[in-house]
Amino acid sequence: MSAETIIVSGRVFDGKTLTSSTAVAIGAGRILRVGSDADVRDTADAATRVIDARGGLIHPGFVDAHAHAVFAGVERLSIDLTPATTVPETLSLIREGAQRSDAEWLTGGGWSHELFPLPTRQQLDEIVPDRPVALSDNGHHTLWVNSKALELAGVDRNTPQPHNGHIHLDDDGDPVGYLNETAAELVGRVIPPETDDAMYAGLLNAQEHLWTLGITGWHEAILGEYNGKADCTPAFLRGIADGTLKDQTSGALWIAPGLQREGVPALVARFVELREQNAAAGFDTGTAKAMIDGVPHGETAALLQPYSNHTHDGFTGELHFDEDTIREFVLQLDAAGFALHLHIMGDRGIRVALDAIEAARAANGAGRRHHVAHLSMVQPDDARRFGPLGITANIQGLWAAPDPFVVEMIGEERMLQGYPFRTMADGGADLAMGSDWPVSPADPWLAIHVVVNRWAPLPPGIEAPPLPPGATPPTLDAEHQSLTLTQALSAYTNGSTELVLGRPGRIRVGERADIAVATADPFTLPAEAIVSLQTAVTVVAGEVVFER
């Protein structure tokens, strides 16, 4: 058959290695030929579309192995604070959002802890005094709310502090409007849930944005009610049914914190039923997601040693489930054929989870490939356990750079030893990559830049102070823990595709034609220039869905 589209004059990375091929032919949604320009042009006829890669890298479409795309899309269509780089910009975006919306509740998110270490209700009251406002931080583990929201939720000075959460109080003992983890749910439960139509619109908005970044599939990391947000599964089922969801996707059924050991059998039975229902509709939900702990920023990650500012009382954070419950749901879900997708930020959380997976492997034998996301603190011996246990390191690469806010929580030594990707890879662990969007930007090239260089590019408009002669930017143990470009690119393409879509993410004959073309070939650039790359063309199942 003749090719419908050919891409020429590039360089093909096939998902594992950089090849000598320069062109790809596509037809009927599949890859027809890979080779030289001349070889591929032989498949063309008068109706074939020709795309000039202009020397850019032709690679499998990125697959985001950890995203909250529907939440992100809804946020982009509401009050999106992620573009703000200053306090005035943040407040201005809130004001603009309030002016253009007549909604009962004003919601959105993306504000930065670096700009607002302790945001207050009074700051929001000055902008919106008469309607409730609830804004998630960019990590989506805390809420910033105004007085009206606190009033409607019944949160005041007499409200008990919830388990695994914190209501921040002012000097007079009143809530300041800053709620961590489970405390955020006190307000979240009274926020009207997004409608199915709003989540469907968010899904399509997210898909279109991800195409501009070369992302052709993703794993939705929470399916179920979460922190006042409704279950977004109906949006996926609708998009699959009407054909508007063109990307291949999968999702993880949400295990809410607070589950007790005796409740595990009922949870597993419900998840099996949901998995079968969704599979019949064409949506893979054979993964179960749990947050084993929280985040260092809120002192809710579970550590082996105390937080730096808690050496006096020995506080090490808390697990979101007791250890017996973790062991039991890992054991039973593994036996039922589920993959586990575990959010873990602290080294104690990592160890508890690895022990639970090891016990499940001993009891059940080989099963679905489990994956652990974030990996901010992993002891060396535990990092080397990933390979033998068959656990994939689900990497959020943008986080693997020095973070002055985290230094205050865990100290410089622990921060600099974080994200031990090379140790995991050398120990035989499979690698996948994702963004945790909208917690951080979804651009894969930014993340690849960080895991290769171990320092983060500055936001637009901000210039770094000059370095002394011969000095280099601060890094997180780059010599020992950075990945090669090949490793990082393979993780974000084939590694993620195999993990969350269950098929190869390769450029080879017969494979689904999910392809992206970069604006340059990173293998010809210095490592520090990876950040300059953008996506020029995105192809989903043979259809050109984006051109820059």
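Predicted model: local features only at pLDDT ≥ 70, side-chain atom pairs only at ≥ 80, totals over all residues.
Two or more lining residues come from each of helix H2 (69-76), helix H3 (87-100), strand S9 (106-111), strand S10 (133-137) and helix H7 (196-211). Helices (H or I, at least four residues) and strands (E, at least two) are DSSP runs, numbered from the N terminus. H2 provides the largest share of this lining, four residues. The pocket holds about 660 Å³ of space, a volume being the space filled by probe spheres set on the points, with grid points joined across faces, edges and corners. By class, its lining divides into 17 nonpolar, nine polar and five charged residues. In this scheme Ala, Val, Leu, Ile, Met, Phe, Trp, Tyr, Cys and Pro count as nonpolar, Asp, Glu, Lys and Arg as charged, and the others, Gly among them, as polar.

Residues are numbered from 1 along each chain as its sequence is written, and side-chain values use heavy atoms, with hydrogens and water left out.

The structure holds three cavities of 30 Å³ or more, a cavity being a set of grid points where a 1.4 Å probe fits but cannot get out. The largest cavity has a volume of about 110 Å³. Its lining includes His140, His141, Glu181, Glu185, Trp254 and His320, and the whole lining has four nonpolar, six polar and two charged residues. The second largest cavity has a volume of about 60 Å³. Among the residues that line this second cavity are Arg503, Arg506, Arg512 and Asp514, and its lining divides into three nonpolar, four polar and four charged residues.

Helix H11 (residues 347-364) has 18 residues and reaches 26 Å from its first C-alpha to its last, close to the 26 Å expected at 1.5 Å a residue; the expected span is 1.5 Å times one less than the number of residues. Its buried residues include Ile350, Leu354, Ile357 and Arg361, where buried means under 20% relative accessible area, exposed over 50%, and partly exposed in between (1.4 Å probe, protein chains only). The cover over the buried residues of H11 includes helix H10 (323-335) and strand S17 (339-344).

H10 has 13 residues and reaches 18 Å, close to the 18 Å expected. Thr325, Ile326, Glu328, Phe329, Val330, Leu333 and Asp334 are its buried residues, and they pack against strand S15 (248-255), helix H9 (264-280), strand S16 (284-291), S17 and H11. Contact means heavy atoms within 4.5 Å.

The largest nonpolar core has 98 residues, of which Ile255, Phe329, Leu333, Leu375 and Ile448 touch the most other members. H11 gives the most to this core, with seven residues. Such a core is a set of buried Ala, Val, Leu, Ile, Met, Phe, Trp, Tyr and Cys residues joined through side-chain atoms within 4.5 Å. Leu333 touches Ile255, Leu267, Val268, Phe271, Ala288, Phe338 and Leu340, leaving aside residues up to four places away in sequence.

Some backbone details complete the picture. The peptide bond from Trp437 to Pro438 is cis, with omega near 10 degrees, and Pro438 lies in the loop between strand S20 (431-433) and helix H17 (444-453). Ser9 has a positive phi of about 60 degrees although it is not a glycine; this residue sits in the loop between strand S1 (5-8) and strand S2 (11-12) and is partly exposed, with a relative accessible area of 29%. His374 also is not a glycine, and its phi is positive, about 95 degrees. His374 is placed in strand S18 and counts as buried at 1% relative accessibility.

Key
1 Å grid on protein atoms, 1.4 Å probe; cavity = no way out; pocket = protein on both sides within 12 Å on 5 of 7 lines; lining within 4 Å.
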